[in-house]
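Student: I would like a close look at one part of this model. Please take me through the place where the two chains meet.

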Amino acid sequence: MLIKTKGYPLDFIQTHPVTLNDADSHLRSYVFKFNSPRTKLHYIVRAELHENDFFAIKFYAKKDRGSDRKYNNVIDKGDVANILVTSAKVIPYLLVEFPLASFGFFGSRTLDLKSDKIEDYTNNQRYRLYEYHIPQLIGTKTFAHFSYQKGSAYGLVNQNCNNIMQIEKKIREMLTYDYPDLVEINP
Amino acid sequence: MKNLTRVSNKSGRSLDSKGERLGWASIKNARSENLDLLLSEGKFLKVNSKREPLLVP
């Protein structure tokens with residue numbers, strides 16, 4: 001389905017410093033918010049800056065902010081396109097200050113609380129949404145697109161960097177070193 | 001013996017939860033994998049867009 005919506009206004013809230021528990025390569029987080037009049041929920045978008053000018057983009061409903069599983073919950077109130085478009089707006093925003101930045105989206109596994117079951121980590125539904133929608137939002141002049149179906153991740157490596165493949169490898173090695181158990185779910 | 005049939009709503013859709021319908025694993029049996037392996041088979045995508053991207057060229 002072609003995206004026709006422009007999303008909602010995205011507001012920058014603040015920059016968060018890292019905590020003691022954060023990974024070594026994580027430098028700080030840029031926090032944004034928006035509201036969906038359709039779901040009637042507020043959402044938080046976090047752009048977590050790492051070394052190599054890499055941002056991991058995460059978003060969740062504000063009401064879930066206290067939950068360890070906020071990235072795994074499904075709100076199920078629709079408005080997916082608007083939420084995706086709005087969350088992706090952090091990219092042009094951050095490119096102003098970080099013109100060589102690369103970005104990544106990781107598809108968290110969905111939890112079905114009704115049956116206590118969890119989606120597999122490969123080719124999950126969030127990843128499929130990213131794979132289909134991100135190319136409609138972000139072009140190939142600025143970014144080289146990488147797909148990691150096995151891990152349900154989608155990467156955008158900045159074309160203005162020298163040697164894109166080397167940058168991709170550096171980012172990948174950094175993330176696998178700092179987040180080796182990213183797909184693990186604790187019961 | 002009572003004939004046990006799957007319960008469904010009027011449209012015939014099963015009332016099983018999504019996880020049950022799609023055969024997801026239980027949380028305590030969920031498999032995991034080291035991120036190194038999961039990101040090792042990345043693919044450079046040749047994106048053919050039919051129109052200008054909405055946010056960044």
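Student: Which strands form the open sheet, and in what order?

Tutor: Keep in mind that this is a predicted model. Three strands form the open sheet, in the order 6(A)-7(A)-1(B). Their pairing is antiparallel. Strand 6 (111-112) of chain A and strand 1 of chain B are the edge strands. Each of these pairs on one side only.

Now look at the join between the chains. Strand 7 of chain A covers residues 117-118. Two bridges link this strand to strand 1 of chain B, and the two run antiparallel. You can find the partners by eye. A:Lys117 stands opposite B:Ser26. A:Ile118 stands opposite B:Ala25.

Next, step back to the whole interface. On the chain B side, 34 residues are in contact with 53 residues of chain A. Interface size is often given as the accessible area lost when the parts come together. For chain B and chain A, the buried area is about 3800 Å². Carbon and sulfur atoms give 64% of that area. Three residues of chain B lose the most area to chain A: B:Trp24, B:Ile27 and B:Leu55. Together they make up 20% of what the chain B side buries.

Polar groups meet here too. Between chain B and chain A, 20 residue pairs are in polar contact, counting pairs with both residues at pLDDT 80 or more. Several elements of chain B supply at least two residues each to the side that touches chain A. They are helix 1 (18-21), strand 1 (25-26), helix 2 (35-38) and strand 2 (43-45). Helix 2 of chain B gives the most, with four residues. By type, the residues on this side of chain B divide into 17 nonpolar, seven polar and ten charged.

Charged residues also pair across the interface. The count between chain B and chain A is two salt bridges. One of them joins A:Asp120 to B:Arg31. The closest N and O atoms of that pair are 2.8 Å apart.

Now turn to chain A itself. Start with helix 1 of chain A, residues 80-88. Eight of its nine residues are buried, so the helix is largely enclosed by the rest of the structure. The buried ones are A:Ala81, A:Asn82, A:Ile83, A:Leu84, A:Val85, A:Thr86, A:Ser87 and A:Ala88. What covers them includes strand 2 (26-36), strand 3 (41-50) and strand 4 (54-61) of chain A. Helix 2 (90-97) and helix 3 (125-137) of chain A are also part of the cover.

Pick out A:Thr86 in this helix. A:Thr86 counts as buried because its relative accessibility is 0%, and the cut-off for buried is under 20%. Leave aside its neighbours within four places in sequence. A:Thr86 is then in contact with A:Gly7, A:Tyr8, A:Pro9, A:Leu10 and A:Phe34.

Finish with A:Ala56, which lies in strand 4 of chain A. A:Ala56 is buried too, with a relative accessible area of 15%. Not counting residues up to four places away in sequence, A:Ala56 touches A:Arg46, A:Ala47, A:Glu48, A:His50 and A:Gly104. Look at the last of these contacts. A:Ala56 and A:Gly104 are 48 residues apart along the chain. Their C-alpha atoms are separated by 4.9 Å.

Technical notes. Residues are numbered from 1 along each chain as its sequence is written. Chains are lettered from A and ligands numbered from 1 in the order in which they are written. This is a predicted model: local features need pLDDT of at least 70, side-chain atom pairs count only at pLDDT 80 or more; totals for chains, interfaces and linings use all residues. Side-chain values use heavy atoms; hydrogens and water are left out. Contact means heavy atoms within 4.5 Å. Buried area is the accessible area (1.4 Å probe) that two parts lose on being put together, summed over both. A salt bridge is a side-chain nitrogen of Lys or Arg within 4 Å of a carboxyl oxygen of Asp or Glu. A polar contact is a pair of N or O atoms within 3.5 Å; within protein, one must be able to donate a hydrogen and the other to accept it, and residues adjacent in sequence count only if both atoms are side-chain atoms. Ala, Val, Leu, Ile, Met, Phe, Trp, Tyr, Cys and Pro count as nonpolar, Asp, Glu, Lys and Arg as charged, and the others, Gly among them, as polar. Two strands pair if DSSP finds at least two bridges between them. Buried means under 20% relative accessible area, exposed over 50%, partly exposed in between (1.4 Å probe, protein chains only).
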